[in-house]
Amino acid sequence: MAPADTAAATELLAVRAAELYYEENKTQDEIGAILRVTRWKVGRLLAQARERGIIRIEIVHPRARRLALERDLTARFGLKDAVVVPAPGDDAELQARVSEAAADYLVSHRPVPRLLGVSWGRTLHQVAEALPAGWATAVNVVQINGGVSLSKRPGTAAATAVMIAQKAGGQATLLPSPAILERLETKKAIEGDRTVGGVLGMARGASAYLYSAGVADTSSVHVDSGYLTSTDIAGLVERGAVGDVIGRYITADGTIADPELDARTLGLGLEELRAATTSILVIGGEPKHAVARAIVTHGLCSVLVTDEHTARALLAELDHDHDLDSATTASREDAS
C-alpha cells in the first residue's frame with residue numbers, strides 16, 4: 001500500500017473510532033474488537049482525531065471558561081488573571097454570564113479582599129445579585145466613585161455596595177456625592193468635606209477594586225442618572241472618547257478625553273487604578289470592545305472578566321498592530 005493510501009486509511013480508522021467512542025459510547029476495548037486493533041491503537045486513533053480536528057470537544061455549561069483565551073490574554077497584556085466565558089447570541093444572557101463569572105471569581109479569589117472598592121452601574125449590580133450569600137466572611141465594601149442619582153429614577157450605586165457587603169457579612173461605606181458636579185468649585189468643596197474625604201481615603205486603601213466600563217453613547221448610565229445629556233456625549237465622542245471607567249471618559253490611548261469634565265468628576269482617578277495590586281474589570285459585549293481595548297492595553301486593570309468575542313477582538317487587534325509595526329520596520333530597513 002502506498003504511503004498516501006496508508007495515511008488515508010489511518011484517518012478513516014480514526015474517524016470510525018471517534019464515532020464509536022463519542023456517538024455510540026463504546027469502550028476502547030469494544031472499539032478495538034470491532035476495528036480489529038489493540039486497545040492502545042484505539043487510544044492513539046482518538047488522540048489523532050483530536051489533533052487533526054476530526055472531533056471537537058466543547059463544554060457548553062453557562063459557567064464554562066475558555067482557558068486557552070485566558071492564557072493568551074494574560075501573556076499578551078501582562079494581566080495577573082483573566083476569566084473568559086462562552087458568548088451566547090443574546091446580549092442579556094451574555095451580560096448575565098459575564099456577571100456570574102465575576103461573582104465566581106470573587107468567591108474563589110485568594111487572599112480574600114478585606115476591603116473591596118467597588119464602582120457602580122448595571123453590570124456591577126448584576127455581579128452583586130449573582131454573588132451567593134456568605135461568599136466571604138467580614139468583607140467590607142467602599143464606593144470608589146460618586147453615584148448619587150440626579151434623575152427621578154432610583155440609582156443602584158448604594159444598593160450595589162450594600163448588597164455585596166451584606167452577602168459577605170461586612171459593612172458598606174458609601175460615597176455620598178454625585179459622580180459629576182456642575183461646577184468645579186462645588187466638586188472641590190464636596191471633596192474637601194471631612195466625610196467625603198474620609199471615604200476617598202478609605203477607598204485608596206482598598207486591597208482590590210471591582211468595576212466595569214460604559215460606552216460613550218446615550219445608553220450610558222451617566223445619561224440615565226442625569227449627569228450628562230446627549231449633547232454632552234456627542235461632545236465627548238468628538239474629543240475621541242470611547243467610553244468611561246469609574247466615571248472618567250477615556251480615549252483609545254487611555255487618556256482623559258475632556259480634562260475639564262474630568263476635573264468635575266468625583267472619585268478615584270486613572271492612576272490609582274494603574275497602581276492598584278488587584279483591579280478587576282468586568283466587561284462584555286461588542287459595543288464595549290473599544291473601551292475594553294483602551295483599558296486593557298493601557299494598564300487600567302490587572303484582572304479581566306469578559307466574554308470570548310471580546311477576548312478574541314482584543315487579541316486580534318494586538319496581532320493587527322504587531323503586523324503593522326513589522327511591516328513599517330521592514331519598509332524602513334529596505335529603504336536604508
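Start with the largest cavity of this predicted model, which has a volume of about 30 Å³. A search of the whole structure finds one cavity of 30 Å³ or more. To outline the largest cavity, select G247, R248, Y249, I256, D258, L261, D262 and T265, the residues that line it. Colour by element next: β8 (248–251) and α12 (259–263) are the elements that give two or more residues to this lining. By class, the lining of the largest cavity holds three nonpolar, two polar and three charged residues.

Now pick I246, in the loop between β7 and β8. Is I246 buried or exposed? Its relative accessibility is 2%, so I246 counts as buried. Check the backbone here too: I246 is not a glycine, yet its phi is positive, about 40°. For background, most residues other than glycine have a negative phi, and most peptide bonds are trans.

Select R36, in the loop between α2 (28–35) and α3 (39–51). Phi of R36 is near 60°, again a positive value in a residue other than glycine. R36 has a relative accessible area of 78%, so this residue is exposed. Then go to P111, which sits in the loop between α5 and β2 (115–118). The peptide bond leading from R110 to P111 is cis, with omega near 0°.

**The largest pocket**

Please turn to the largest pocket, with a volume of about 510 Å³. Its lining has 26 residues, and those closest to the centre are R122, T123, A213, G214 and K288; selecting these five will bring you to the middle of the pocket. Which elements each supply at least two residues of the lining? They are α5, α6, β6 (213–215) and α10 (221–224). Among the contributors, α6 gives the most, with four residues. Sorted by class, the lining of the largest pocket has eight nonpolar, 14 polar and four charged residues.

Stay with helix α6, residues 122–130, and show T123, L124, H125, V127 and A128, which are buried. What covers the buried residues of α6? The cover includes α5 (91–108), α7 (157–166), β5 (208–211) and β9 (279–282).

One of those covering elements, α7, is worth a brief stop. A159 has its place in this helix, and at 36% relative accessibility A159 counts as partly exposed. Draw a distance from A159 to A172: these residues are 13 apart in sequence and 9.7 Å apart in space, C-alpha to C-alpha.

In soluble globular proteins, nonpolar side chains tend to be buried together. For this structure, the largest nonpolar core has 41 residues, and L73, V245, I250, L281 and I295 are those with the most contacts inside it. Show the elements α4 (67–77), β1 (81–85), α9 (194–204), β5, β7 (241–245), α13 (270–275), α14 (289–297) and α15 (308–335), each of which supplies at least two residues of the core. The largest share, five residues, comes from α14.

Zoom in on L281. Apart from its neighbours within four places in sequence, L281 is in contact with Y211, S212, A213, I295, V296, C301, V303, L304 and V305. V305 leads on to another group: a second, separate core of 30 residues, which includes V85, A102, I280 and V305.

**An aromatic pair, then the whole fold**

A search of the whole structure finds two aromatic pairs. Select Y21 and Y22 to see an edge-to-face pair, with 4.9 Å from centre to centre and 85° between the planes. Y21 is partly exposed, with a relative accessible area of 31%, and Y22 is partly exposed as well, at 35%.

How many helices and strands does the secondary structure come to? There are 15 helices and 10 strands. Of the 336 residues of the protein, 46% count as buried. Among contacts with a separation of 6 or more, residues 24 or more positions apart account for 71%.

Conventions: Residues are numbered from 1 along each chain as its sequence is written. This is a predicted model: local features need pLDDT of at least 70, side-chain atom pairs count only at pLDDT 80 or more; totals for chains, interfaces and linings use all residues. Side-chain values use heavy atoms; hydrogens and water are left out. Buried means under 20% relative accessible area, exposed over 50%, partly exposed in between (1.4 Å probe, protein chains only). Contact means heavy atoms within 4.5 Å. A nonpolar core is a set of buried Ala, Val, Leu, Ile, Met, Phe, Trp, Tyr and Cys residues joined through side-chain atoms within 4.5 Å. On a 1 Å grid over the protein atoms alone, a cavity is a set of points where a 1.4 Å probe fits but cannot get out, and a pocket is an open set with protein on both sides within 12 Å along at least five of seven lines; lining residues have an atom within 4 Å of a point. Grid points are joined across faces, edges and corners, and a volume is the space filled by probe spheres set on the points. Ala, Val, Leu, Ile, Met, Phe, Trp, Tyr, Cys and Pro count as nonpolar, Asp, Glu, Lys and Arg as charged, and the others, Gly among them, as polar. Rings of Phe, Tyr and Trp (its six-membered ring) pair if their centres lie within 6.5 Å; planes under 30 degrees apart count as stacked, over 60 as edge-to-face and the rest as tilted.
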